[in-house]
Amino acid sequence: YASSPPTKGRTPSTVWRGVAAAFAGWALVAALAPFPLATLPTMLGRRLSRAFGAFSVLYATAALALATADNKVLRRGVARAAAAHWVAVGAKLVVERNCLREFYPAAFSRPVASLAALGTFAAALFVAMRGDGRDGVR
C-alpha cells in the first residue's frame with residue numbers, strides 16, 4: 001500500500017481541518033441555501049448543485065482523514081479532484097467567455113461567495129500538493 005502509517009502523537013493538521021470545515025460548509029450551502037447561492041460551489045447550475053453537496057461531504061471527510069493521518073493515495077486523489085474542478089471552471093471561462101453573465105448570473109450576483117468557493121478548491125489543491133514531508137512526496 002502507498003499509505004503512510006500514522007505517527008504516534010502526531011498533532012492533527014489545522015490546515016486540513018480548515019479545508020474540511022470549508023467543504024462541510026459548502027455541503028450545507030448546497031443543501032440548504034436558496035438559489036442562486038446554492039449553485040456557487042459547483043458553478044454547474046440548478047440541476048447539479050444540490051447533488052454536489054454529497055461530493056462536498058466526501059471532500060470534507062477526506063480532508064478530515066488527512067488531518068490526522070497522511071495517506072499519499074488519498075492526498076493525490078484530493079489534489080486531482082481539486083485540479084479537475086479548476087480545469088472545468090477554466091474551460092467554462094474559455095468556452096463561454098462571451099456569454100458568462102447570461103448563463104451564470106449567480107456567480108456575478110454573489111462575487112465574494114464565488115471567489116470563496118474557488119478558494120476552497122485552491123486551498124485543497126495547494127495543501128494536497130505540498131504534503132507533510134514525512135513520506136518524501138511533495
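In helix α1, the buried residues are W16, V19, A20, F23, W26, A27, V29 and A30. Here "buried" stands for under 20% relative accessible area, with exposed set at over 50% and partly exposed in between (1.4 Å probe, protein chains only). Helices are DSSP runs (H or I, at least four residues), as are strands (E, at least two), and both are numbered from the N terminus. The model is a predicted one, where local features need pLDDT of at least 70 and side-chain atom pairs count only at pLDDT 80 or more, while totals for chains, interfaces and linings use all residues. Residues are numbered from 1 along each chain as its sequence is written, and side-chain values use heavy atoms, with hydrogens and water left out.

What lies over those buried α1 residues? The cover includes α2 (46-49), α3 (52-68), α4 (72-95) and α7. Contact, in this passage, is a matter of heavy atoms within 4.5 Å. Helix α1 itself is made of 19 residues, and from first C-alpha to last it reaches 26 Å, close to the 27 Å expected at 1.5 Å a residue. That expected span is 1.5 Å times one less than the number of residues in the helix. At the start of α1, the backbone nitrogen of V15 has a side-chain oxygen of S13 within 3.4 Å. For a pair like this to be a polar contact, the N or O atoms must be within 3.5 Å; within protein, one has to be able to donate a hydrogen and the other to accept it, and residues adjacent in sequence count only if both atoms are side-chain atoms.

Next comes the pairing of α1 with α7. Two packed helices are described by the angle between their axes and the distance between the axes. For α1 (residues 14-32) and α7, the angle is about 145° and the axes are 10 Å apart. The axes are lines fitted to C-alpha atoms, for helices over the stretch in contact, and the angles run from 0 to 180 degrees between N-to-C directions. On the α1 side, the contact is made by V15, W16, V19, A22, F23 and W26, and on the α7 side by A113, A116, A117, T120, F121, A123, A124, V127 and A128. Sorted by type, these residues come out as 14 nonpolar, one polar and no charged. For that sorting, Ala, Val, Leu, Ile, Met, Phe, Trp, Tyr, Cys and Pro are nonpolar, Asp, Glu, Lys and Arg are charged, and the others, Gly among them, are polar.

T120, found in α7, counts as buried because its relative accessibility is 9%. Which residues does T120 touch, leaving aside its neighbours within four places in sequence? Its partners are A22, F23 and W26.

R75, V78, A79, A82, H85, V89 and K92 are the buried residues of α4. At the start of this helix, a side-chain oxygen of N71 comes to within 2.9 Å of the backbone nitrogen of V73. A82 sits in α4 and counts as buried because its relative accessibility is 2%. Neighbours within four places in sequence aside, A82 is in contact with F121, A124 and L125. A82 and A123 are 41 residues apart in sequence, and C-alpha to C-alpha they are 8.8 Å apart in space.

A60 is in α3 and is buried, with a relative accessible area of 11%. Not counting residues up to four places away in sequence, A60 touches A20, F23 and A24. The C-alpha atoms of A60 and A20 are separated by 4.1 Å, although the two residues are 40 residues apart along the chain. S49, in α2, is buried, with a relative accessible area of 1%.

As for the chain overall, there are seven helices and zero strands. Of its 138 residues, 36% count as buried. Among contacts with a separation of 6 or more, 71% come from residues 24 or more positions apart.
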